[in-house]
Amino acid sequence: MMHTVQSFGKHFLLGLLFCAGLMNGLLAQQGGGRQTIPFNDNWEFKKGPGNFGKDTSYLHEEWEPVTVPHTYNRTDMQLDKNFYTGDGFYKKKFWVDAEQKGKRIFLRFEGAGSVATVYVNGKYLTTHKGSYAAFSFEITHVIAYGQDNMILVKTNNDARRDVLPVNHFLFPIYGGIYRPVAMIITGPVNITVTDYASPGIYITQKNVSAAGADIDVNVKLENKEKTAQPVTIQTIIKDASGKPVGAVKKNLMISPQGTTYTAQSLTMSRPHLWQGVRDPYLYTLTTTLLQQGKVVDAVTQPLGIRHFELKAGEGMFLNGKKYPMYGVTRHQDRWQYGNALSHDQHLEDMHIIREMGATTIRLAHYQQAEDMYALADRMGLLIWAEIPFVNATSFEEDENAKQQLTELIRQNRNHPSIFMWGLHNEVYSKTPDEHVPVLTRVLNDIAKTEDPDRYTVAVSGYGEMDRPANLAADVQGMNRYYGWYEGKIGDLEKWASKLETTYQGYKVMLSEYGADGNMDQSAENLPDPSAINPVSGRFFPENYQTETHIRQWAIIEKHPYILASYLWNTFEFAVPMWNRGGVNARNLKGLVSFDRKRKKDAFYWYKANWNPEPMLYLANRRDSIRTDGTTTVQAFSNLKNVRLFVNGKEATGRQGVNDKHWIFDPVLLKRGVNKIRATAVSQGKTLTDEMQWILR
């Protein structure tokens, strides 16, 4: 199917949806269908003051033209704790042609932070609580056709006890309409648009193997005509080239009362399986409604046919084969943009993650942009998706937690990349009968009812298996910052060994680990961890972060009991309540700078271990001013026989924690500039990396 080009101005140029090439004698006539039109231009914005419900006099004051995505915290939340929270107001004039009367018209916001209240033509329509999920609503009966209409949206990003997350401590709650908006137009008989802003079709896979797969599609239908309507519903699967490879259809009546539920099933013979990063093959699945041979609505979703299984003590098995779980985490904000990101920025993040060689991402700590899940489908990255029940509990967030989990699952369950739903992160109660464990069990039941085929996970900041809040899910995640918030770097080994001895048969993941690293700070000799205060310290040298990741990855890879590990974090991100490590309002645990322009040494350590593309990298290049003439040089490489030359003279080398880690010592430096060059050979081609150290 295809859409004609649409644009907004005084008049909509509303496109037609076409459906052609239906297989095996299925109906092939063309007709009007669903239209999805961007609704992002020509907004106007202003911050409060003003009580939107009672005093609208401020509406006549000056407004700022903006384009959505937009946040009003793109700067202040990235500088210090004196950031703005409160109301941000948006308005937009729009026109709907008179000939659209009789259609159903909806608006869908992909994300607005954190509470959004919507009025159209002065009439209150909806309030949505939560910054990270999409929401949709109908405007058919409140708009004027052939005239100007006005939408007003009040957003508010105050921390609230009844909306997750309940504070700004671990990450900022940015304000604004910070993800795209669309207008959706359907006929009066349609696939539902307002089921938690989901696609309205829900795909389930069963009995998946190289020999075959059973694909079930549940569909929710609505009829706003006055009488029951006969329709034909058909589902077609097309391969990556667009060729139909499976189809089914049936006739049914849709009642004008309530919602009509129906299901269709297809069996695929010898499917091309979705194999993660090895081969992220995607089909498309389109469910279409037809009346009298004409298309009246259609929804297309990605279909990656796969089966995953976590085997305790062994790891992830994708389609029956062991699959490496090289994991990273990701926050969605970036320097000078806040969280109002473009498609290209999401894509850049995913390319950086793939360059590192990651195979799985924990999208923390909230539902992220739809772009991210779609890109993961296409790039083959396994996704852990979660809700922002994080850091603290207010005892008033129950309903919102249940809402956000339902939204997360219904909106994203068709993405083949998602393998697990996250229920909470580092929230606690002392006994299993208190608030957090009880709510977590409720959330787990929601996840298993909505989507019984995926795993659930709850995360603890302690290294103990039997914390009361954390055994309600299929998988136990543990955040362990040995050498940073507790103990020594090497204590990770004791933790892993004790768990695999004491709790055999449990599914365990290392959900966060790492240390802060400031690229503009360095220490010639590795600092004593007792000298670093991770909560209020100002000195977070990059080489301490590098050493943490070198040693802890070498431990992780020796323990298959850890089913997956997720380093914290791919990118630096804003934490406006913090002032640590010499950079205000910044979490420096990222391996890539907040603006995505610089990559830390630890990034290349993982690239050497995870990415099979030949590479060679000299570490500590930013620690270039030296005072000790006898020193050590480290190199990261996935090649054999790495050689090092200092001022033209070869140094003695040996392997360190594993075969990707090379240590050269003793290295003798001369006064002044020292030229250091590493070489290695790959398939007859010599790779070289160079740096300079200055001995004073």
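**Nonpolar cores, helix packing and an open sheet**

In this predicted model, the largest nonpolar core has 67 residues, and those with the most contacts inside it are Met 350, Leu 405, Leu 443, Trp 495 and Tyr 606. A nonpolar core is a set of buried Ala, Val, Leu, Ile, Met, Phe, Trp, Tyr and Cys residues joined through side-chain atoms within 4.5 Å, where buried denotes under 20% relative accessible area (1.4 Å probe, protein chains only). Helix α7 (residues 601-610) supplies the largest share of this core, seven residues; helices (H or I, at least four residues) and strands (E, at least two) are DSSP runs numbered from the N terminus. A second, separate core of 29 residues includes Ala 112, Val 120, Val 142 and Ile 185.

Residues are numbered from 1 along each chain as its sequence is written. Local features need pLDDT of at least 70 and side-chain atom pairs pLDDT 80 or more, whereas totals for chains, interfaces and linings use all residues, and side-chain values use heavy atoms, without hydrogens and water.

The axes of α7 and helix α1 (residues 343-356) come within 7 Å and cross at roughly 60°; axes are lines fitted to C-alpha atoms over the stretch in contact, with angles from 0 to 180 degrees between N-to-C directions. From α1, Ile 352, Glu 355 and Met 356 meet Phe 603, Tyr 606, Lys 607 and Trp 610 of α7, contact being heavy atoms within 4.5 Å.

Five strands form an open sheet of mixed pairing, in the order β35-β42-β41-β37-β38; strands pair if DSSP finds at least two bridges between them. Edge strand β35 (625-626) pairs with β42 (residues 685-695) in the parallel sense over two bridges, and Ile 625 stands opposite Ile 694 in β42.

Technical notes
Buried < 20%, exposed > 50% of the residue type's maximum accessible area, 1.4 Å probe, protein only.
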